[in-house]
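Have the viewer open as you read, and follow along residue by residue.

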Amino acid sequence: MFVTDCRREFYDVIVSQRVLLLVASDVDALCACKILQALFQCDHVQYTLVPVSGWQELETAFLEHKDQVKLLVKQGDDLDVPAYDDIFRDEEDEEELSEDESDGSEPSDKRRRFEEEVIERTARRRQRREWEARRREILFDYEQYEYHGTSSAMVMFDLAWIMSKDLNDMLWWAIVGLTDQWVQDKITQMKYVTDIGVLQRHVSRHNHRNEDEENSLSIDCMRIAFEYDLRLALYQHWSLYESLCNTSYTSANLKLWSVQGQKRLQEFLADMGLPLKQVKQKFNSMDMSLKENLREMIEESANKFGMKDLRVQTFSIHFGFKNKFLASDIVYATASLMESIEKEGPETTNFIKALDSLSRGNLDKLHQGLDLAKKQLCAIQQTVASCICTNLVISQGPFLYCSLMEGMPDVKLFSKPVSLCLLSKYLLKSFVCSTKNKRCKLLPLIMAAPMDVEQGTVIMVGIPPETESSDKKNFFGRAFEKAADSTNSRTLHNHFDMSIIELKTEDRSKFLDALISLLS
Amino acid sequence: MEPAEAEFLAEKELVTIVPSFSMDRVHLIGGDLGPFNPGLPVEVPVWLAINLKQRQKCRLIPPEWMDVEKLEEIRDQERKEDTFTPMPSPYYMELTKLLLNYASDNIPKADEIRTLVKDTWDTRMAKLRLSADSFVRQQEAHAKLDNLTLMEINTIGTFLTQALDHMYKLRTNLQPSGSAESQDF
């Protein structure tokens with residue numbers, strides 16, 4: 001359903017009912033869920049929380065809880081919704097037409113009126129045909145490309161703000177939701193910067209007391225601060241060296257999979273004047289004198305080495321004496337907790353653990369998540385390096401294709417959608433930097449990884465090409481559907497993100513052939 | 001009495017809040033809870049204030065004694081005197097803990113206040129231990145302590161009474177009695 005006024009048409013309606021909350025397996029959805037949970041707790045709303053990872057689970061959960069009154073769906077991606085009037089035409093217009101037709105008229109003016117009526121009718125019919133054509137176009141555009149709109153956590157925060165129930169905690173979750181979209185490369189740089197500006201206003205509204213010495217807050221209170229910080233993943237909880245090696249931006253630009261790349265890394269560090277021993281130590285134990293102007297120094301040297309965007313606008317959270325985290329740290333930690341392959345207990349434990357780690361009280365879960373995230377990033381970089389060195393990325397014409405073999409190390413990590421998407425984006429970035437073929441640099445990538453060895457299924461992901469001005473629109477959803485139809489392959493289009501599918505290993509080659517012919 | 005019970009009794013104390021909702025007068029067995037209007041301060045018991053604060057429905061105003069200068073004076077006064085000085089509230093320790101745990105963003109200089117209250121508490125506990133020690137040692141018959149709060153009495157109460165019990169039993173056993181065989185307590 002389309003909702004224009006979030007507060008009146010949505011929140012006020014559900015606040016007096018019992019709510020069923022279906023949440024997708026996405027960090028952005030988790031953050032939106034936390035905000036909504038906080039609002040529900042303040043208003044004593046009873047709710048049931050069900051994590052879903054695809055359309056089938058959504059259906060089963062809905063059928064199970066059919067007697068619940070109101071249904072709320074939290075999706076990871078908000079597709080940009082066209083205007084209501086462009087798609088749905090109200091019934092009244094139809095009736096008007098038929099009323100005129102059955103309108104009785106005087107015999108004397110009958111002829112003239114009849115002609116006028118005919119003209120009116122044809123004009124209206126033509127209008128209607130144009131409207132239908134436009135509608136088809138809009139729906140085709142809407143369904144052909146898949147892309148992401150505003151983060152759902154930010155939408156929820158907006159709702160809380162409109163009701164004046166917003167808190168610093170909710171603001172932090174909105175920030176994490178937005179950063180998740182940026183880490184997974186789902187939104188354009190413009191959109192990210194615009195949304196950061198929006199959140200920055202809220203941050204200064206909530207956190208202006210920190211500058212005031214007279215009335216400063218207790219150190220245990222949570223503070224959020226705007227940072228123009230380095231883009232290196234988890235660098236404050238790792239060593240600077242590891243972080244440089246395992247961040248896709250630096251690893252791709254310095255080409256760290258080759259020997260020459262390693263030399264360039266040493267040159268880069270030497271250019272900044274950072275001794276190797278210091279850089280390989282845990283970041284917190286690095287010399288203070290080196291850490292003082294670290295950001296500016298790294299930015300200067302990075303410019304010389306062709307990395308102009310090493311710094312990014314983001315936020316950090318600060319509570320107690322020990323705990324300082326950047327938004328991207330939380331995103332990596334939560335995502336790896338959610339998709340951890342260790343099976344302990346029922347299927348939803350990972351989801352609940354990831355949800356819990358977003359609360360400030362559960363620091364041990366957060367630290368666990370950080371450790372898992374470090375392992376995940378290392379695994380991604382090693383896989384990327386081996387794929388590029390062994391030329392596993394082949395051009396199939398209209399797209400690039402890469403398939404992970406079963407025997408590769410850590411391949412089980414990539415049987416989950418978010419990890420596989422992250423791997424494919426990093427692989428594409430590195431491939432674009434490594435190849436000399438100009439045409440290949442503009443191609444999208446399809447990545448396949450074994451999902452379940454016993455059932456013989458493969459998970460396949462399609463991502464748009466890596467260009468500077470990419471609008472991040474993904475057409476693989478429809479393409480996959482059409483290819484599956486035409487070859488009768490046994491596929492499962494279960495994920496909310498239509499460009500992720502599962503299919504049987506045997507059907508893989510004919511599916512790919514169909515895709516090639518479809519897209520060329 | 002458990003410390004939790006003392007805290008429960010402390011929650012009946014009144015504190016000022018500024019609500020952000022409106023509600024009519026509520027009649028409870030323990031008393032009335034005044035009409036709530038957004039933006040207008042109203043006095044409520046601490047248990048309700050904490051609950052409303054957790055639901056983001058009010059802003060707490062710290063009691064007037066919860067101020068850095070006043071607490072510094074109290075602490076210095078306590079350190080000077082040998083006996084116990086009167087405290088601003090019979091539940092000062094519990095109130096400090098509750099308000100600083102749940103509403104530290106409404107209380108300016110919360111960290112300093114916490115330190116000052118702890119200092120005062122430590123001084124008073126030291127005096128209490130000293131006085132209990134001399135009481136037991138010199139086998140006094142009775143003692144009088146003014147201005148003690150319930151929480152402080154709680155910390156020493158059980159220990160002191162049991163210690164005195166033991167002392168009494170030991171003393172009665174020292175004196176020779178008719179049948180001096182049994183040594184059982």
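Predicted model: local features only at pLDDT ≥ 70, side-chain atom pairs only at ≥ 80, totals over all residues.

On the side of chain A that touches chain B, the residues divide into five nonpolar, five polar and four charged.

The count of salt bridges between chain A and chain B is one. To find it in your viewer, look for B:Lys57 and A:Asp43, whose side chains meet at 3.5 Å, N to O.

## Extent of the interface and confidence

Contacts between the chains involve 14 residues of chain A and 11 residues of chain B. About 930 Å² is buried between chain A and chain B, and carbon and sulfur atoms give 46% of that area.

How confident is the predictor in the complex? The ipTM is 0.76 and the pTM is 0.83. For chain B, the mean pLDDT is 88, with 95% of the residues reaching 70 or more.

## A closer look at A:Gln376

Now for a stop within chain A: A:Gln376 sits in helix H18, which covers residues 363-389. Is A:Gln376 buried or exposed? Its relative accessible area is 6%, which is under the 20% cut-off, so A:Gln376 counts as buried.

Leaving aside residues up to four places away in sequence, A:Gln376 touches A:Ser336, A:Leu413, A:Ser419 and A:Leu422. With A:Ser419, the side chain of A:Gln376 forms a polar contact of 3.1 Å. A:Val183 is 193 residues from A:Gln376 along the chain, and the C-alpha atoms of the two are separated by 14 Å.

Methods:
Residues numbered from 1 in each chain as written. Chains lettered and ligands numbered in written order. Heavy atoms only, no water. Contact = heavy atoms within 4.5 Å. Buried area = accessible area lost by both parts, 1.4 Å probe. Salt bridge = Lys/Arg side-chain N within 4 Å of Asp/Glu carboxyl O. Nonpolar A, V, L, I, M, F, W, Y, C, P; charged D, E, K, R; others polar. pLDDT = per-residue confidence, 0-100. Helix = DSSP H or I, 4+ residues; strand = E, 2+ residues; numbered from the N terminus. Buried < 20%, exposed > 50% of the residue type's maximum accessible area, 1.4 Å probe, protein only. Polar contact = N/O pair within 3.5 Å; in protein donor to acceptor, adjacent residues only side chain to side chain.
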